[in-house]
Amino acid sequence: TSIDYRFRHIGDRSSLLDYEGSWKRAAVTSATSGVRTTSTQAGATVRTTFTGRGIALVMPRSAVRGRVTVYLDGVKVATVDTHASTVQARRVVWAKRWTVSASHRIVVRVSGTSGRPTVSLDGLIVTN
């Protein structure tokens, strides 16, 4: 079995991403592209349509970070908690693979976690 390492990164500032709600961008040296997009608003979303065999969500983790809900093709597939006791930049916090490449829609929704509502997006990784 061979492994296919082809992938593409969709950065948090990509025009392929559609943000709704309150999101702010800030320069952060530990971010994937030197910038990270952050929200504390429950219900704020970021979405995109992609074609591939896999998708991964890249976000920082830390003590002040909260949860997001991930939807694929209109179905809730995960609740991801980005809380961690130590600061962890550029982490794959969730991923999904399929056996064949197809078009999919992903929506990431800010949960508004009590006491730690902050979530930040570094980007998405799509495997071909």
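In which sense do strand 6 and strand 8 pair, and over how many bridges? They pair in the antiparallel sense over five bridges, where two strands are said to pair if DSSP finds at least two bridges between them.

## Basis of the description

This is a predicted model, in which local features need pLDDT of at least 70 and side-chain atom pairs count only at pLDDT 80 or more, while totals for chains, interfaces and linings use all residues. Residues are numbered from 1 along each chain as its sequence is written, and side-chain values use heavy atoms, with hydrogens and water left out. Strands here are DSSP runs (E, at least two residues), numbered from the N terminus, as are helices (H or I, at least four residues).

## Strands 6, 7 and 8

Within the pairing of strand 6 (67-72) with strand 8 (88-110), the bridge partner of Leu72 in strand 8 is Ile106. Strand 6 also pairs with strand 7, again in the antiparallel sense, over six bridges. Along this second pairing, Tyr71 stands opposite Lys76 in strand 7, and Arg67 stands opposite Asp81 in strand 7.

The hairpin of strand 6 and strand 7 has two residues between the strands. Asp73, which is found in the loop between them, has a positive phi of about 50° although it is not a glycine. With a relative accessible area of 44%, Asp73 is partly exposed, a class that lies between buried (under 20% relative accessible area) and exposed (over 50%), as computed with a 1.4 Å probe on protein chains only. A positive phi, near 50°, is also found at Arg90, likewise a residue other than glycine; Arg90 is in strand 8 and counts as partly exposed at 45% relative accessibility.

## The nonpolar core

The largest nonpolar core has 24 residues, and those with the most contacts inside it are Leu57, Trp94 and Ile106. A nonpolar core is a set of buried Ala, Val, Leu, Ile, Met, Phe, Trp, Tyr and Cys residues joined through side-chain atoms within 4.5 Å. The elements that give two or more residues to this core are strand 5 (45-61), strand 6, strand 7 (75-81), strand 8, strand 9 and strand 10 (123-127). Leaving out residues up to four places away in sequence, Ile106 touches a set of residues that includes Val46, Phe50, Ile55, Val70, Leu72, Trp94 and Leu124, with contact taken as heavy atoms within 4.5 Å.

## An aromatic pair

A search of the whole structure finds two aromatic pairs. In one of them, the rings of Phe50 and Trp98 have their centres 6.2 Å apart and their planes at 40°, so the pair is tilted. Rings of Phe, Tyr and Trp (its six-membered ring) pair if their centres lie within 6.5 Å, and planes under 30 degrees apart count as stacked, over 60 as edge-to-face and the rest as tilted. The pair links distant parts of the chain, since Phe50 lies in strand 5 and Trp98 in strand 8, 48 residues apart. Phe50 counts as buried at 2% relative accessibility.

## The sheet of strands 3, 4 and 9

Three strands form an open sheet in the order 3-4-9, with antiparallel pairing. Strand 3 (24-27) and strand 9 stand at the edges, each with a single partner strand, so one side of each is left without a neighbour in the sheet. Strand 3 and strand 4 (residues 35-39) pair over four bridges, and the bridge partner of Arg25 in strand 4 is Thr37.

Ser39, which is in strand 4, counts as buried at 2% relative accessibility. A polar atom of its side chain lies 3.1 Å from the backbone nitrogen of Gln41. Neighbours within four places in sequence aside, Ser39 is in contact with Ser22, Trp23, Ala44, Val110, Pro117, Thr118 and Val119.

## Arg116 in its loop

Arg116 lies in the loop between strand 8 and strand 9 (119-121), and at 18% relative accessibility it counts as buried. The side chain of Arg116 makes a polar contact with the side chain of Asp81 (2.8 Å). A polar contact is a pair of N or O atoms within 3.5 Å; within protein, one must be able to donate a hydrogen and the other to accept it, and residues adjacent in sequence count only if both atoms are side-chain atoms. Not counting residues up to four places away in sequence, Arg116 touches Ala63, Val64, Arg65, Gly66, Arg67, Asp81 and His83.
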